[in-house]
Amino acid sequence: MSISPLMPVYPRCDVRPVRGDHCHLISEDGTRYLDFAAGIAVNLLGHSHPTLIGALQKQAETLMHVSNLYGSPQGEALAQRLVDHTFADTVFFTNSGAEAVEAAIKTARAYHQHEGNEQRFELITFNNAFHGRTMATISASSQEKMHKGFMPLLPGFKYVDFNDLEGVKAAIGPNTAGFLVEPIQGEGGIRPATQEFMKGLRDLADEHDLMLVLDEVQCGVARTGTLYAYEQYGIEPDIMATAKGIGGGFPLGACLATEKAARGMGFGSHGSTYGGNPFAMAAGMAVLDTVANDEFLGQVTATGERLRSRLEQFIGNYPELFEGVRGKGLMLGLKMKVEPRPFMQHLRDKHQLLTVAAGDNTLRLLPPLIIGDAEIDEFFDKLSKGANDYPMPESD
Ligand SMILES: *Cc1c(COP(=O)(O)O)cnc(C)c1O
């Protein structure tokens, strides 16, 4: 037997965390890492936040799981909270981001089928997008590396260049059901949609009765300084997927929709055994209690601006390594002139700094949202040492 017990789909590195402490991870061998990856934008309260721990301990002792066959005071409370804070009128809870996007795709299709427009099943999606790893969500992505070995894809997706409104207009046809878009592409390299693009999609959706579906799985839940990134574009979606940060580390996602968009989602149309169980609801409620207020969000914005302006200054000293800084709030990307993956590994293995490589030659910085000046100072200490002793790849 040569296959590992853990199915070998991830090339795992030698960092083997066994404990978390605020913004640090401690490895099996005792090494401490500064965590500017946060489980890929998940641990927004860091690793040992007393509010989250307390809420989960209490709920574990009270009631962890019941079926969705029964009434859910816990689910009603969290759904109400999300409805109060967003564009949405109704919420379906999931256990992951991909499931939240799946629910969003089904909701968009069901809207048109409920209206008697069976031919309108196609979502326009965008090059270099990432929506998850299920069959529908890989089909929604143009990235061929995710398709390989899993053909055929599901029909019903058409890819257009991100931020290309003319391309979108040209792609709209009798089969179009709507648009599925990340306001800030995450895996694609921290690429924010332009204001004109988001506004243009909203206008096109209104004009053609299409569903504007946002994937805020990575950029949502306070990461960009507003509870959801769409708020900064001055538009509202019809449907939105959220996950990653919303459980603060507990697996939780949700599909949010307006009453109109959810028309097709009646009794029996969708479901999940675990989705929205009391334990997950306790995690989501503890996270929203902490982040969904002006003080916390203002703090994220201010911290993001401090980090960003220091980054802008910093990269000026290393013009051979870095090209620019992009993103919003604490979802930041360093656009590099060299491959970001070996640099990420160098920072990790030589300087105990965790970051995430992304597409478009970008190094992602996704720290816990609770970082302060001490963590920012430590980050720059490690980053500058890492930039100074990075063995530049040979150029030919
Ligand atoms: C991570 C991510 C997903 C998938 O979430 P999973 O929890 O891994 O299924 C979907 N969309 C975006 C934008 C993501 O960043």
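Which residues does R133 touch, not counting residues up to four places away in sequence? Hi everyone, let me start there. In this predicted model, R133 touches A98, I138 and M146, once residues up to four places away in sequence are set aside.

Where does R133 sit? It is found in the loop between β5, residues 122-126, and α5, residues 135-139. R133 has a relative accessibility of 61%, so it counts as exposed, the cut-off being over 50%.

R133 also turns up in the database record. In an unreviewed entry, UniProt lists R133 and S272 under "binding site". Of these residues, S272 is included in the lining of the second largest pocket.

Let's look at S272, then. Its place is in the loop between β12, residues 253-257, and α8, residues 278-291. Is S272 buried or exposed? With 19% relative accessibility, S272 counts as buried, because the limit for buried is under 20%. Leaving out residues up to four places away in sequence, S272 touches N68, F92, N95 and E99.

Back to one of the contacts of R133, namely I138. I138 is found in helix α5, and its relative accessible area is 3%, so it is buried. What is I138 in contact with, leaving aside its neighbours within four places in sequence? The list is G132, R133, M146, H147, F150 and L153. For F150 there is a distance to go with that: the C-alpha atoms of I138 and F150 are separated by 9.3 Å, and the two residues are 12 apart along the chain.

The peptide bond from M151 to P152 is cis, with omega near 0°. P152 has its place in the loop between α5 and β6, residues 157-160.

Now for another set from the record. UniProt, again in an unreviewed entry, places the feature "binding site" at G97, A98, F130, D215, E216, V217, Q218 and T273. These residues are spread over 177 residues of sequence, and in space they are spread too, with up to 25.3 Å between C-alpha atoms. From this set, T273 is taken in by the lining of the largest cavity.

Let me pick out two members of that set, starting with F130. It is found in the loop between β5 and α5. Its relative accessibility is 18%, so F130 counts as buried. Not counting residues up to four places away in sequence, F130 touches Q143, M146, E182, E187 and D215.

That brings us to D215, the other one I wanted to show you. D215 has its place in strand β10, residues 211-215. How accessible is D215? Its relative accessible area is 4%, so D215 is buried. Leaving aside neighbours within four places in sequence, D215 is in contact with V101, F130, H131, L180, V181, E182, P183 and A241. E182 is on the contact list of F130 and on that of D215.

N128 is not a glycine, yet it has a positive phi of about 70°. Its place is in the loop between β5 and α5, and with a relative accessible area of 38%, N128 is partly exposed. D360 is not a glycine either, and it has a positive phi of about 55°. D360 is found in the loop between β16, residues 356-358, and β17, residues 362-365. The relative accessible area of D360 is 37%, so D360 is partly exposed.

Last topic: a helix pair. How do α10 and α11 cross? Helix α10 covers residues 340-351 and helix α11 covers residues 373-388; their axes come within 10 Å and cross at roughly 115°. The two helices are therefore roughly perpendicular to each other. The crossing in which α10 passes α11 is right-handed. On the α10 side, the contact is made by F343, H346, L347 and H351. On the α11 side, K382, L383, K385, G386 and A387 take part.

To wrap up, let me return to the residues from the opening part. R133 counts as exposed, whereas S272 counts as buried, and UniProt lists both under "binding site".

Definitions and conventions:
Residues numbered from 1 in each chain as written. Predicted model: local features only at pLDDT ≥ 70, side-chain atom pairs only at ≥ 80, totals over all residues. Heavy atoms only, no water. UniProt positions renumbered as here; feature names shortened; annotations may be inferred. 1 Å grid on protein atoms, 1.4 Å probe; cavity = no way out; pocket = protein on both sides within 12 Å on 5 of 7 lines; lining within 4 Å. Helix = DSSP H or I, 4+ residues; strand = E, 2+ residues; numbered from the N terminus. Buried < 20%, exposed > 50% of the residue type's maximum accessible area, 1.4 Å probe, protein only. Contact = heavy atoms within 4.5 Å. Axes fitted to C-alpha atoms, helices over the stretch in contact; angles between N-to-C directions. Parallel < 35°, antiparallel > 145°, perpendicular 65-115°, else oblique. Left-handed = near helix turned anticlockwise from the far one by under 90°.
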